[in-house]
Amino acid sequence: MISLHGCGALRYDADPFVVRVTTNANRPYVVRDKEALLCQSPEDISRPGFRCFLAPSFLLPVEAEVPARVLELPAELTHLEDGDVIRCDPRTGEIFVTYRLRSTANTLLLTETCNNKCIMCCQPPKSGNDDYLASVALDTLRLMDRSTTEIGVSGGEPTLKWDVLLKVLRTAKGYLPDTAIQLLSNGRVFKYLSRAQELAAIRHPRLIVGVPLNSATPEVHDYIVQRRGVFDETILGIMNLKRKR
Ligand code: SF4
């Protein structure tokens with residue numbers, strides 16, 4: 001299994017940011033601020049303009065001070081390649097992979113909250129403020145490669161961040177016009193026809209909304225999602241989506 005998170009030993013004082021990975025030390029200056037240079041030699045660590053440098057431990061100076069904006073490449077993330085996108089937290093040395101160019105299973109996580117509580121949920125809903133996920137998703141989207149065939153948009157329940165969701169879909173339409181979007185939702189919000197209408201108004205040419213119905217029997221569906229009355233909301237949501245597609 002490929003690891004999507006790692007933590008190196010180096011730290012510096014800066015807010016977390018999202019960058020694209022490159023191994024090309026000669027990238028145009030205009031894009032370097034959005035990129036992390038994956039260093040291939042000790043000289044790479046001092047190239048100007050890059051947002052940060054990812055250096056395996058064997059490239060780090062042993063006696064001299066480590067230059068600014070250098071993060072150690074964790075052993076778990078040596079699979080990183082050109083075009084991948086990562087979120088770096090320099091204060092903790094953590095690196096999270098938010099997009100892999102080679103993968104066909106990239107997903108933007110908009111929230112970890114949900115209004116269901118399914119018994120089989122592999123990612124049980126969390127409470128608390130996770131607003132930062134919106135900017136991570138948008139920054140990641142803007143750095144994805146145009147050849148990306150499809151991306152998922154998920155949660156938690158992504159429609160709980162309604163304004164963020166609409167912004168993500170509009171941004172995707174602008175930046176990645178040929179990329180299919182699969183929005184995974186429990187569908188409850190679409191019991192409001194106006195929500196289905198707003199979604200349809202984006203006119204994304206390749207948007208699919210995937211709504212799981214856990215049973216044809218209302219009681220069973222409601223038991224699985226651990227909420228009473230949700231079967232009816234979900235069915236109404238699916239019908240409204242169909243109406244406004
Ligand atoms: S709707 Fe999805 S995210 Fe929410 S509890 Fe169910 S499986 Fe988990």
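How many helices and strands are there in the protein chain? There are six helices and eleven strands, where helices (H or I, at least four residues) and strands (E, at least two) are DSSP runs numbered from the N terminus. The model is a predicted one, so local features need pLDDT of at least 70 and side-chain atom pairs count only at pLDDT 80 or more, while totals for chains, interfaces and linings use all residues. Residues are numbered from 1 along each chain as its sequence is written.

**Figure 1. The whole protein chain.** Let us start with the overall picture. Along the principal axes, the C-alpha atoms of the protein chain fill a box of roughly 70 × 35 × 30 Å. Of its 245 residues, 32% count as buried; a residue is buried if 20 or more other C-beta atoms lie within 10 Å of its own, exposed if 12 or fewer, and partly exposed in between, with C-beta atoms placed from the backbone. Among contacts with a separation of 6 or more, 65% come from residues 24 or more positions apart. Two residues are in contact if their C-beta atoms, placed from the backbone, lie within 7 Å.

**Figure 2. The open sheet of seven strands.** The strand order is E1-E7-E6-E2-E3-E4-E5, with mixed pairing; two strands pair if DSSP finds at least two bridges between them. Strand E1 (5-7) and strand E5 (70-72) stand at the edges with a single partner strand each, so one side of each is left without a neighbour in the sheet. From one strand to the next, the twist averages 35°. Strand E6 (residues 85-89) pairs with strand E7 (residues 94-99) in the antiparallel sense over five bridges. Look here for isoleucine 86, which stands opposite valine 97 in E7.

**Figure 3. Helix H2 on the sheet and beside H3.** Helix H2 (residues 132-143) lies across strand E2 (17-22), E6 and E7, and runs at about 25° to E2. Axes are lines fitted to C-alpha atoms, for helices over the stretch in contact, and angles run from 0 to 180 degrees between N-to-C directions. The axes of H2 and helix H3 (residues 162-175) come within 10 Å and cross at roughly 5°. That makes H2 roughly parallel to H3, a term for angles under 35 degrees. H2 contributes Ala134, Ala137, Leu138, Leu141 and Arg142 to the contact, and H3 contributes Val164, Lys167, Val168, Thr171, Ala172 and Tyr175. By class, this contact has eight nonpolar, one polar and two charged residues. Ala, Val, Leu, Ile, Met, Phe, Trp, Tyr, Cys and Pro count as nonpolar, Asp, Glu, Lys and Arg as charged, and the others, Gly among them, as polar.

Figure 4. Around the ligand are Cys114, Asn116, Lys117, Cys118, Cys121, Pro125, Gly155, Gly156, Glu157, Asn186 and Val225, each with its C-beta atom, placed from the backbone, within 6 Å of the ligand. This shell has five nonpolar, four polar and two charged residues. The peptide bond from glycine 155 to glycine 156 is cis, with omega near 20°. Glycine 156 sits in the loop between strand E9 (150-154) and H3.

**Figure 5. Two loop residues with positive phi.** Most residues other than glycine have a negative phi. Arginine 69, although not a glycine, has a positive phi of about 60°. Arginine 69 belongs to the loop between strand E4 (52-55) and E5, and counts as partly exposed because it has 17 C-beta neighbours inside 10 Å. Glutamine 226 is not a glycine either, and has a positive phi of about 60°. Glutamine 226 is found in the loop between helix H5 (218-225) and helix H6 (230-244). With 12 C-beta neighbours inside 10 Å, glutamine 226 counts as exposed.

Note on methods: Angles under 35 degrees count as roughly parallel, over 145 as roughly antiparallel, 65 to 115 as roughly perpendicular and the rest as oblique.
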